[in-house]
Amino acid sequence: MGHEAEMERIEERIKTCKRCELWKTRTNPVVGEGSLSAKIVFVGEAPGYYEDLKGEPFVGKAGKVLDELLESIGLQRNEVYIANVLKCRPPDNRNPTTEEIRACTLYLDAQLEIIQPEIIATLGNFSLSYIFDKFGLHSKKDKISKIHGKVFAVSTISGNKKIVPLYHPAVATYNPNMKGALIEDFKVLAKLL
Ligand code: URA
Ligand code: SF4
């Protein structure tokens, strides 16, 4: 099966998914978006209000910040892939639960299998935690304030990858100082590309 067909199959599964309770309150699931041959995949947390309405990732305030950050290193959205740990919005944007993450991440895993990115940039703590555990970096986990913008090399059965933990772009919407840190960290990504 080609990559597009495989991703469509995952999309169909997500649209009818009832593996956790979040299907009951979602308007639309947010599968993810971008190039299936992207060198870099950004992994966010979960859809928010606008993402749930539109069925697309990062289309609210945090999305505006993400667009600016991508632009700052000359990248367009269609050159990268953007996904989330959870595909459905938690009510009132509450944190994902352990059960929800356990139920949903087979989809993210499948997406990463298809795309095989060289670089995975995590956005926020839930993404960092899941991706670090998945790639055997458990012992390297630390506060995001300590490890943001650092590059963690991992080798997998399908090749070497680099994991780069980043602050969630939403932090820049309530703390403008964080924008600078994100811009600096994106320069690190630019060097890897
Ligand atoms: N925050 C996220 O983590 N993901 C989105 O898609 C939007 C906001
Ligand atoms: Fe299924 Fe994930 Fe949505 Fe839960 S959040 S219903 S596991 S797609």
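**A walk through the model**

Author: Happy to! With a relative accessibility of 1%, Gln-111 counts as buried. Keep in mind that this is a predicted model.

Reader: Which helix holds Gln-111?

Author: Follow the chain to residues 98–115, which form one helix. Gln-111 falls inside that stretch, and its helix is H4.

Reader: Is Ser-35 buried or exposed?

Author: Ser-35 sits in the loop between E1 and strand E2 (40–44). Its relative accessible area is 16%. Buried means under 20%, so Ser-35 is buried.

Reader: Why does Arg-19 count as partly exposed?

Author: Arg-19 is placed in the loop between helix H1 (3–15) and strand E1 (33–34). Partly exposed covers the range between the 20% limit for buried and the 50% limit for exposed. Arg-19 counts as partly exposed because its relative accessibility is 48%.

Reader: Where does the side chain of Arg-19 find a backbone oxygen?

Author: Not counting residues up to four places away in sequence, Arg-19 touches Arg-102, Ala-103, Leu-106 and Tyr-107. A polar atom of the Arg-19 side chain lies 2.7 Å from a backbone oxygen, and that oxygen belongs to Ala-103.

Reader: How many Å apart in space are Arg-19 and Cys-88?

Author: Along the sequence, Arg-19 and Cys-88 are separated by 69 residues. In space, going from C-alpha to C-alpha, the distance is 11 Å.

Reader: Which residue has a polar side-chain atom 2.8 Å from a nitrogen atom of ligand 1?

Author: Ligand 1 takes up the space of the largest pocket. Around it are Gly-44, Glu-45, Ala-46, Glu-51, Pro-57, Phe-58, Asn-84 and His-168. Two of them use backbone polar atoms towards a ligand oxygen: Glu-45 at 2.8 Å and Phe-58 at 3.0 Å. The residue that places a polar side-chain atom 2.8 Å from a ligand nitrogen is Asn-84.

Reader: How much of the accessible area of ligand 1 does the protein cover?

Author: Take ligand 1 on its own to begin with: its accessible area is 230 Å².

Reader: What is the phi of Asn-93?

Author: Most residues other than glycine have a negative phi. Asn-93 is not a glycine, yet its phi is positive. Asn-93 lies in the loop between strand E3 (81–84) and H4, and it is partly exposed at 44%. Its phi is about 55 degrees.

Reader: And what is the phi of Gln-116?

Author: Gln-116 is placed in the loop between H4 and strand E4 (119–123). Its relative accessible area of 28% makes Gln-116 partly exposed. Gln-116 is not a glycine either, and its positive phi is about 50 degrees.

Conventions: Residues are numbered from 1 along each chain as its sequence is written. Chains are lettered from A and ligands numbered from 1 in the order in which they are written. This is a predicted model: local features need pLDDT of at least 70, side-chain atom pairs count only at pLDDT 80 or more; totals for chains, interfaces and linings use all residues. Side-chain values use heavy atoms; hydrogens and water are left out. Helices (H or I, at least four residues) and strands (E, at least two) are DSSP runs, numbered from the N terminus. Buried means under 20% relative accessible area, exposed over 50%, partly exposed in between (1.4 Å probe, protein chains only). Contact means heavy atoms within 4.5 Å. A polar contact is a pair of N or O atoms within 3.5 Å; within protein, one must be able to donate a hydrogen and the other to accept it, and residues adjacent in sequence count only if both atoms are side-chain atoms. A residue is near a molecule or strand if one of its heavy atoms lies within 4 Å of it. Accessible areas come from the Shrake-Rupley method with a 1.4 Å probe; for residues, only the protein chains shown count as cover. On a 1 Å grid over the protein atoms alone, a cavity is a set of points where a 1.4 Å probe fits but cannot get out, and a pocket is an open set with protein on both sides within 12 Å along at least five of seven lines; lining residues have an atom within 4 Å of a point. A molecule sits in a cavity or pocket if more than half of its atoms lie within 2 Å of its grid points.
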